[in-house]
Structures are given as C-alpha cells and as structure tokens.
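Me: Hey, I've got a structure open that I've never looked at before. Can you walk me through it?

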Amino acid sequence: MVPVAIAQMVSARAVSMVVAVGGMAVLARLLTPSDFGSFAFSLAVFAVAQAVSEFGLMQDLVRREDLTVDDLRSAAGLALTLAAGFGALATFVLAVSGRITDMGTVGVVGFLGAALVAEAVSMPYEARRRRDISFRFLAQIAVGQAAAEVAAGIALALAGYGPTALAAGVFASRATAAMLLVFGSPRAERFRPRRHGWRRFARFGSGFVVARLLPRLGELAIVALITRGLGVRPLGLYNRAGAVHSIPDRTIFEAINPVILPALAKALRNKTSPGRVYLDKVDYLAAVCWPAFAVIAVLAEPAVDVLLGSQWVGAVAPVRILAVAGLFMPFTKMSMKLFIAMNRIDIHLRVQALTVAATVVGAALGSLSTLEAVCAGLVVAQVVQTVGVWRGVIAASGEPLPFPWTVITRNAALVGATVVGPLAITILTGVDGIVLLALGALLAALGWSAAILTMRHRIVDDVRGVLGRSQTAPTV
C-alpha cells in the first residue's frame, strides 16, 4: 500500500507543480522583486507562528497505535486555539516592527492569519487519512489547492493588489483543503473540537515544536539579514531563486513526505536496522535529486528567463549556488521523521541547533557583501547539517554506519548521464530561452531514464512493483 500511496502523491504533485510553475511565471511578470520581498518577510514571521501552532499534532496522531475520536477532537481544539493565538502574536510582532504600513500589508497579514486557522481546521481530518495511508483523496486535494492558489494570486495581482495577492493565494490553498477534507468526510466521521484533553499531546508536542521552530527561526534570520544588509529587492530575488531551486523538492519530496513517517515507523517496527533505513533513503533520494539539481544548475539562465522573466536576471547566480546546497538533501531531508520514528527527537534538536547557528553565521557574513555570498553561506550550513545528521544516526542506532561509496558513485554516474545532453546543447548550439530549456529538460530526462535502466537501479524494480500493485490495490 505504501508504494501505491507514494505513486498517487507523486503523480498528483506533478500535476500540482505544472499548475504552480505556470502561476509562478505569470505572477513573476505581474509583480516586482520588491513585492515578493515584502511578502517574504511577513511569510517568514508567520512560518515561525505556524511551527509553534502545529505543535506536532499531525505527527502525534499519525504515530498513535490506537487513535480515538476523543484524540481527534482534543487535537482539533488545541490546533485551533494555537493557530488563533500565535497568528495574533505574529500580527503583533509585524505591527511593532513597523512592517504593517498600509492596507496592502494589512491584507497580507490578514490572509496569512486566516490561512493558519484554515490549516488547523483541516489538520485532524488529514491526520486520520495519513495514518491509514489513504492518500488518493489527499492527492486530489493537492491539485485543487494548487489551482486555487494560482487562481486567487493571479486574480488579485491583475487587480493591482501587489504582495496581498500572494498571501491571498496561500489562504485560498489552505481554505480549499479545509473545505474538501471536512465536507469530503462522511457526516458520521465529522467531529467538534473540544477544549480539554490537551495535556496528552504536551510531551511529544513540546519537543516537536523546538525541532520545527529552529529551522523557521533560521529562515527568519536569513530574511531579516538580507533585508537589513542588502534591501527588500534582493530579498525578492532570493525568494524567487528559492522557488526555482526548490522545484524538485516541491515535486518529489513534498509529495512523498506524508507517507514517510508511517513507512519509517513500520520499517522500524519490523526490526529493520535504523542505519539501513537511512542509507536506503539516501540512495533513493540521491537518484532523483542529484540529477535534478545538477540540471537546474546547468539550465539556471533559461529557467529564470522563462519562469520569471528578464527583470529577474539577478536570480540566476543564486539559483546555481542553491542547487549546490540541494546536493546535500539526500543526507538531511526527512531526517526528522526518522529520528521521530526512532524516538530520538533529542538528537534531531541538537543537529538543528547546530545547523541554525551555521545558517545564521553564514547569512550574516554573506549579507555584508552580496546575495551570492549569502547563498554560499547556506551551502556551508548544509555541509554542517549533513555531518550532524550522519553522526546522529550512528548515535541513535548504536552501530557503525558504513560510508556509502557505492551509493555516491552510482548516483554520481546518474548525474553525468543526465547533464551531458543539457551541457552539450548549451555549449555547442546557439539556442536559448524556452527552446533551450525545453530541449535541455528533454535530453536530461532521456539521459536519466537510460542510465537508471542500464544500471538496473533499485528504483526501477520498485516502480515496476508500484505499477503492478496499482492494478490490484484497493482504493485508498
């Protein structure tokens, strides 16, 4: 069931990303870098509020062996209370810091606060489906969310609402999910939030909040340092460079992310070695994200030109540098879920604290110079996080972790086979723009597919298994 669920989420995420990338291209031409920079600062503040208000409730419900309606009702009540409270606190912080200066910023704050509450409404319904690995409906909702976000954002941008349009898109996405999850559940399975029974979530939630809060504070620090040292426009460039660089992350990792915690918990319950689980994760993610980030680095110029437009040429170099940082993702991505499944969230907290410290130092030093220097500092922080996670897995498992030479060499060969086509067409031909991007992406896909089949990578057998099981698996 898990492979089928992953296939459903990946396919839905691919459709969602087509919609989102189309919306990105339109909005980047309707709004200015300063608009995106203004929105990015408010979003970073609300991301901190979100990290606290989530309180690990989704993950706590998913990992419970005996989930009751009473658990869901109490979690729903706590989620709504935290969302309203910390949304109000985020608004207060932005107000006292002088960031709410006109009706436009009032609209940004209002929509982001409402999005926080809408997310809390949908949380228990989504948790129940995740726990049961019932992802078909969630996959369909993901497509609806992407369409709602793009439609609302473009509509308000055309009406001249600037950064408010971006916040309205976020709210439309969260509200769509909430309505579909609540009204898509049978009436007998809907429930009212309750105002007591919250203490049962305190132990897990407190540790989870710190784990989520640390990276959000790190991102807020980056945003604040760029704004103070370089200005709002460079912050907008950083925001859009991050959007282009994160396309593989948002397409693949976010799609399978809901499935990972149940899958990891099941593997560990079946007595699979934690070290083996971690190395398998590294192998799978490297086979996908290394080639993807390498292609983004090679095709950064036409990608920025096509997806964002000529006014965003300053984002090309940051995209390339952030793509280098992305090469460390297989070692660090989803590590929190592994440590949660191993009941060693304390190790993850130590790794996160070290990573955030390295991130702040790197961004602070870089902000004294250029946006490219800030991004280079973030690459160094990723190296620090990789070392920390590696040592953490060894400590949690209590056994040595062999260095994955085979994984690295096999997936490095995949990278070579993937980028040879885009490099050749970039160097040897005079095409540019959308033609270069389309041909480069096509050649990269063909090169990756040929290499993965020739190597008989383990991912091939698993894809075949998914296709076979999808013919006989029950609807989930």
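Me: OK, what's the mean pLDDT of the chain?
Reply: The mean is 82, and 87% of the residues reach 70 or more.

Me: Which elements have the lowest and highest mean pLDDT?
Reply: Helix H20, residues 458-470, has the lowest at 57. The highest is 92, for helix H13, residues 316-326.

Me: And where does pLDDT stay under 50?
Reply: Over residues 469-476. The model has 12 contacts beyond four places in sequence for that stretch. Where pLDDT is low, the predicted coordinates should not be read in detail.

Me: Got it. Switching to the inside: how many residues are in the largest nonpolar core?
Reply: It has 109 residues. Those with the most contacts inside it are Leu57, Met123, Tyr238, Tyr278 and Leu308. Helix H11, residues 274-298, supplies the largest share of this core, with 12 residues.

Me: What is Tyr278 in contact with, leaving aside its neighbours in sequence?
Reply: Beyond four places in sequence, Tyr278 is in contact with Phe331, Leu338, Val389, Trp390, Val393 and Leu401. There's also a second, separate core of five residues, including Phe204 and Met336.

Me: Now Ala165. Is that buried or exposed?
Reply: Ala165 is buried, because its relative accessible area is 0%, and buried means under 20%. You'll find Ala165 in helix H7, residues 163-183.

Me: What does Ala165 contact beyond its sequence neighbours?
Reply: Leaving out anything within four places in sequence, Ala165 is in contact with Ala152, Gly153, Leu156 and Ala157. As for Ala155, it is 10 residues from Ala165 in sequence and 7.6 Å away in space, C-alpha to C-alpha.

Me: New topic, then. How many aromatic pairs are there?
Reply: The count comes to five. One of them is Phe36 with Trp312, whose ring centres are 5.4 Å apart.

Me: Why is the Phe36 and Trp312 pair edge-to-face?
Reply: Because their planes sit at 80 degrees, and over 60 counts as edge-to-face. Phe36 is in helix H2 and Trp312 in the loop between helix H12 and H13, so the pair ties together parts 276 residues apart in sequence. Phe36 is buried at 2% relative accessible area, and Trp312 is buried at 0%.

Me: What about Phe403 and Trp405?
Reply: Their ring centres are 4.5 Å apart and the planes are at 55 degrees, so that pair is tilted. Phe403 is partly exposed at 45% relative accessibility, while Trp405 is exposed at 59%. Ring pairs also link both of them with Tyr278 and Trp390 into a cluster.

Terms used
Residues numbered from 1 in each chain as written. Predicted model: local features only at pLDDT ≥ 70, side-chain atom pairs only at ≥ 80, totals over all residues. Heavy atoms only, no water. pLDDT = per-residue confidence, 0-100. Helix = DSSP H or I, 4+ residues; strand = E, 2+ residues; numbered from the N terminus. Contact = heavy atoms within 4.5 Å. Core = buried A, V, L, I, M, F, W, Y, C linked by side-chain atoms within 4.5 Å. Buried < 20%, exposed > 50% of the residue type's maximum accessible area, 1.4 Å probe, protein only. Phe/Tyr/Trp six-rings, centres within 6.5 Å; stacked < 30°, edge-to-face > 60°.
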